[in-house]
Amino acid sequence: MKKRILLLTCVLFLNSCSKELETHKSSNKPLPDFTKYVNPFIGTSKMGHVFPGATAPFGMVQLSPQTNFETMFREDGSYNPETYEYCAGYQYRDTTILGFAHTNFSGTGHSDLGDMLLMPTVGDLVLDPIETPDGNKGFYSVFSHEKEEASPAYYQVALDSYEIQAELTASERVGFHQYTFPESADAHILLDLVYNVYHHDNKNVWTFLRVENDSLVTGYRQTKGWARTKKVFFAMQFSKAFKSYGHKKYNKEIYDGFYRRFNQSENFPEMAGKDLRAYFNFDAAEGEKIKVKFALSPVSTAGALKNMEVEIPHWDFDKTREETRAKWNKELSKIEVTTLSEADKTTFYTAMYHTNLSPILYEDVDGQYRGLDQNIHLSEGFTNYTIFSLWDTYRALHPLFNITQPERNNDMIKSMLAHHDESVHKMLPIWSHYANENWCMIGYHATSVIADAMAKNVGDFDPRRALQASVNTAHVRYFDGLGEYIDYHYVPDDLSHSSVSKTLEYAYNDWCIAQMAKRLGEDPVEKEFLKRSEYYKNVYDPGIGFMRPKLADGRFRENFDPMDTHGQGFIEGNAWNYGLYVPQNIEDMVEIMGGKERMTERLDSLFTMEIEEKYIEKHEDITRDGIIGNYVHGNEPGHHIPYLYNWTGHPEKTQSRVRMIMDNMYGPGVEGLCGNDDAGQMSAWYIFSSLGFYPVTPGSTDYALGSPLVKEAIIHLSNGKTLSIKAINQSKENVYVKSVTVNGRILEDNLLSHQDIVNGGELVFEMSKQPNIF
């Protein structure tokens, strides 16, 4: 039934696109192409950690070049910091390509994936990627950016070592390769199943392949990495028959049963082992295109085959490319902007692109998916998603989805609730991917995503089920200092690391639960969690004016430095920036920290003081590229800080700071992200701020006003209405806001309500060179 619904949806979508095209033709207006403003290379240099390859919006397949192979650990067992640079498998400075992997994270600060690496070669068969055991060149190819191209749904590069032109596109669950070969009797397509992002010697648990016929291969790989038990199934179909095939194992075979009677390395239709690379040999004519469809499934090889049959039943590469480009154009067109420059437009639409890369679909076309319990489930009434980087994305990405992707966000919340039900801990996801909880970062921020959707009337998920799942999560005492938080009313620093950050984040999460309970009339739950939401007060030291680690005996910890980002009770931050995190009660935070004037001075100092290298050198996620003074925009905990001036009586300072950050921390080039994009959060901040408002407190209906960067914008809402945003007198110099009106009504309090957005109409900013407090 779900398959028929999917096919009907595809037909309706194509019909809709055709009607829209006919409308534009009849009115002599070309269909706008927003994909031309996207540059997938933005953020591929340094620490942006994004990939330039081909994918569909929220696609399971994210097919991209891998430019180096850095193992996670050195030979002496110590951590190899260079692996961090390859969280997305690609660094713009590189001049080599090892192949094209079908799964990638976008913008994360830790990593996994890089599954099923495919690489075309010619000449002698070489199965080692970098260097052979005898010191010769591996199968990598050199390349140059002059012969490389990327756009939504498409990537192409010349593999100069082999004179092969590689082109990639993808549907949601299928990667589509097109390789143009030179004439060769020794053409090969390699399938590297050793390769991983964040590889270590024990990462590959087991790999299994079947050669079904002379052009179809199926199999799976299980790995133990950031996801402890990850299985990826695949089906690989070639456009022509291979003439021979084989594989090489890179692990010591201790016991192989009676398979030892076969020569398994050549033309044997089963391949199994811990670490192996397979090869498929062809004769290629000059200019011949050999195509490969590579389908993934979280369930089975049969599921992968079904995904291929439904999504790409043909061999027309350009057809798939155009279909997926049209899907991207549909998503990008949800916000139309007029900008001060073409560079700003590129930055904006690339940010839009990055916010639509994850979470990803995680189910087959028939609705089957692998659950957290490792059993196979059927998604009934929702589409299942994975990759929930919630410590990052609850701040702005999911609030953005409540405007641009409410149907998907509804499905994402239902996916989180399914995760809870499948969890032996009965917890919502913390940081989850590929049917695994990886427990990264702190807090239980699925509660924020749920509370924000409930406050904004997004979705048809069961709110009482969501509340109960949130309460269950908040009562798991053995989770990351949570029991101590419940007992002491703060997280003691001598009992749990990052104690201040945890206390602040838990208190905010508890406020989110209280808001859900209030909405549902659950008074005892609301009372319990409102009380817990005030525990932030217990880690504030009025003697020094900072949030500070407190010990189990009630004393504040000595030897505390509010500038240091390491070992001071904060995770990826310090007391100057992370200590300003009380989004649920900003007014009280301002008051206890000395009042509006003192807070204004503190914020001014934060943006203008200098932080010494010794205070940040121990953190991969904090680099000079993302720092302004002591304010760290390149990492998430401070993203709300520029908007705090709105609560100190100085909105003009919010306006100037926000514009400065957009001008200096983002851009249209490869270094256009000042830090990890963190699954779209960094880009979501830019989109909101460009439009002139930001969700400082997800879970409430209000957005803080800033200073828009766009000249005009039209938000096309899912209810059929549009919100037109206009910045009158907009210029690079006019960063201050003289007045703001919504449908003619003057906004007096620096806040915009969600209802004002979804009601549609006109939001008008009058810009000025001079500051104006209103």
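A salt bridge is a side-chain nitrogen of Lys or Arg within 4 Å of a carboxyl oxygen of Asp or Glu. The exercises below apply this rule to a predicted model, for which the count comes to 43 salt bridges.

**Exercise 1.** Determine which parts of the chain are tied together by the pair Asp33 and Arg325.

*Solution.* Step 1: the closest N and O atoms of Asp33 and Arg325 are 3.0 Å apart, and the pair forms a salt bridge. Step 2: Asp33 lies in the loop between helix 1 (2-26) and strand 1 (54-55), while Arg325 belongs to helix 3 (residues 317-332), so the contact ties together parts that are 292 residues apart in sequence. Step 3: Asp33 has a relative accessible area of 28% and is partly exposed.

**Exercise 2.** Decide whether Asp115 is buried or exposed, and do likewise for its partner Lys230.

*Solution.* Step 1: Asp115 forms a salt bridge with Lys230, with closest N and O atoms 2.8 Å apart. Step 2: Asp115 is found in the loop between strand 4 (99-101) and strand 5 (117-122) and Lys230 in strand 14 (residues 230-238), so the pair joins parts that are 115 residues apart in sequence. Step 3: buried means under 20% relative accessible area. Asp115, at 1%, is therefore buried, and Lys230, with a relative accessible area of 1%, is buried as well.

**Exercise 3.** Locate Lys726 and Glu762 in the chain.

*Solution.* Step 1: the two residues form a salt bridge, their closest N and O atoms being 3.1 Å apart. Step 2: Lys726 sits in strand 34 (residues 722-728) and Glu762 in strand 38 (residues 761-768), 36 residues apart. Step 3: Lys726 is partly exposed at 30%, and Glu762 is partly exposed at 32% relative accessibility.

Methods: Residues are numbered from 1 along each chain as its sequence is written. This is a predicted model: local features need pLDDT of at least 70, side-chain atom pairs count only at pLDDT 80 or more; totals for chains, interfaces and linings use all residues. Side-chain values use heavy atoms; hydrogens and water are left out. Helices (H or I, at least four residues) and strands (E, at least two) are DSSP runs, numbered from the N terminus. Buried means under 20% relative accessible area, exposed over 50%, partly exposed in between (1.4 Å probe, protein chains only).
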